Amino acid sequence: PARPVYAGQLPMGLQTISNIVAVSSCKGGVGKSTVAVNLAYTLADMGARVGIFDADVYGPSLPTMVSPENRLLEMNPEKRTIIPTEFLGVKLVSFGFAGQGRAIMRGPMVSGVINQLLTTTEWGELDYLVIDMPPGTGDIQLTLCQVVPLTAAVIVTTPQKLAFIDVAKGVRMFSKLKVPCVAVVENMCHFDAEGKRYYPFGRVLRFFVVQQFGIPHLFDLPIRPTLSASGDSGRPEVVADPQGEVARTFQELGVCV
Ligand code: ADP
């Protein structure tokens, strides 16, 4: 996709990356990190060079969801840059690999730390950098979006009636920044039992997303024990079961970004 008009100067560390995709949600716990990680490994499986930046300072999930041999980021002392760690060919940077305890910081400090970590990393040549955004649409998110020339955004939500308000907030933030919102993922949308499909939260969101926001793609992800188990085991579902229903959904999402 075409890069949106980007006012600032492109930070050095990001100059060798072709596409930067933000995976965003308004609330925590809706499956944003699950989507970010599985999307990244799907893109890698499709042959792309991929990195994941886990921008969640307060609750980094990447260290649980993947299992790199080297769980600490290394520094290049001469260039004062950060060398990402790696798992199954995907480059990884997260506060959870920074070797410190949980951060107690105020908003502006958080923004500074996120931006520094992101832009001083030696990402090398990448086709895609997937950013697991901090949840919400506040200052931290806005600042991050202004530093990074995003090429696409994916919004993750759960399908309750009220969730369309969350989607609206996300769409508004990205449209202010002229970043195309290419897809919404409705996570935990349905489950299958005894040969039947159940939609415990109804299907209202689908209508609103298509009607009101004009987002071209909407994906359902089921509630699946394997999705949470694979998240906890350090092996993403799309890696553990590359032919499964979830992997197929992520392949379709991968084509959109
Ligand atoms: P967020 O990044 O939005 O905080 P996570 O991706 O960390 O959310 O997901 C929160 C928890 O829910 C994790 O334990 C994850 O494994 C689990 N989870 C996410 N999506 C699903 C799903 N579709 N089915 C089952 N468990 C899920």
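**Figure 1. Confidence across the predicted model.** The protein averages a pLDDT of 88, and 92% of the residues in this predicted model score at least 70. Over residues 1-7, however, the pLDDT is below 50, and beyond near neighbours in sequence this stretch has nine contacts in the model. Where pLDDT is low, the predicted coordinates should not be read in detail. Among the elements of the protein, helix α1 has the highest mean pLDDT, 98, while helix α6 (residues 204-213) has the lowest, 72. The scores for the model as a whole are ipTM 0.99 and pTM 0.93.

**Figure 2. The shell around the ligand.** Which residues come nearest to the ligand? Of the 17 residues around the ligand, they are Lys32, Ser33, Thr34, Ser228 and Gly231. Two elements give two or more residues to this shell: α1 (32-45) and α7 (225-233). If you sort the shell by class, you will find ten polar, five nonpolar and two charged residues.

**Figure 3. Strand β6 and its two partners.** Let us turn to strand β6, residues 90-94. Five of its five residues are buried, so β6 is largely enclosed by the rest of the structure. Val90, Leu92 and Ser94 point one way from the strand, whereas Lys91 and Val93 point the other way; all of them are buried, the lysine included. Strand β2 (residues 50-54) runs parallel to β6, and four bridges join the two. Within this pairing, Ile52 has Leu92 as its bridge partner in β6. Strand β5 (residues 85-87) runs antiparallel to β6, with three bridges between them. Here Thr85 stands opposite Leu92. The hairpin of β5 and β6 has two residues between the strands, and in this hairpin Leu88 takes a positive phi near 50°.

**Figure 4. Val239 in helix α8.** Is Val239 buried or exposed? This valine sits in helix α8, residues 237-240. With 20 C-beta neighbours inside 10 Å, and a cut-off for burial of 20 or more, Val239 counts as buried. Leaving aside residues up to four places away in sequence, Val239 touches Tyr41 and Leu88; Leu88 is the residue with the positive phi in the hairpin of β5 and β6. Asp45 lies 194 residues from Val239 along the chain, yet their C-alpha atoms are separated by 8.6 Å.

**Figure 5. Ile131 and its contacts.** Ile131 belongs to strand β7, residues 126-132. This isoleucine is buried, with 25 other C-beta atoms within 10 Å. Not counting residues up to four places away in sequence, Ile131 touches Ile20, Val21, Ala22, Val23, Phe53, Ala55 and Val148. For a sense of scale, take Leu118, 13 residues from Ile131 along the chain: the C-alpha atoms of the pair are separated by 9.5 Å.

**Figure 6. Strand β8, covered on both faces.** In strand β8 (residues 152-157), six of the six residues are buried, and the strand is mostly covered. One side carries Ala152, Val154 and Val156, and the other carries Ala153, Ile155 and Thr157. Which strands pair with β8? Strand β1 (residues 17-24) runs parallel to β8 and is joined to it by four bridges. Val21 stands opposite Ala152 in this pairing, and Val21 is also one of the residues that Ile131 touches. Strand β9 (residues 181-186) pairs with β8 too, again in the parallel sense, over five bridges. There, the bridge partner of Thr157 is Glu186.

Technical notes
Residues numbered from 1 in each chain as written. Predicted model: local features only at pLDDT ≥ 70, side-chain atom pairs only at ≥ 80, totals over all residues. Near = placed C-beta within 6 Å. Nonpolar A, V, L, I, M, F, W, Y, C, P; charged D, E, K, R; others polar. Buried ≥ 20, exposed ≤ 12 C-beta atoms within 10 Å, placed from the backbone. Pairing = 2+ DSSP bridges. pLDDT = per-residue confidence, 0-100. Contact = placed C-beta atoms within 7 Å.
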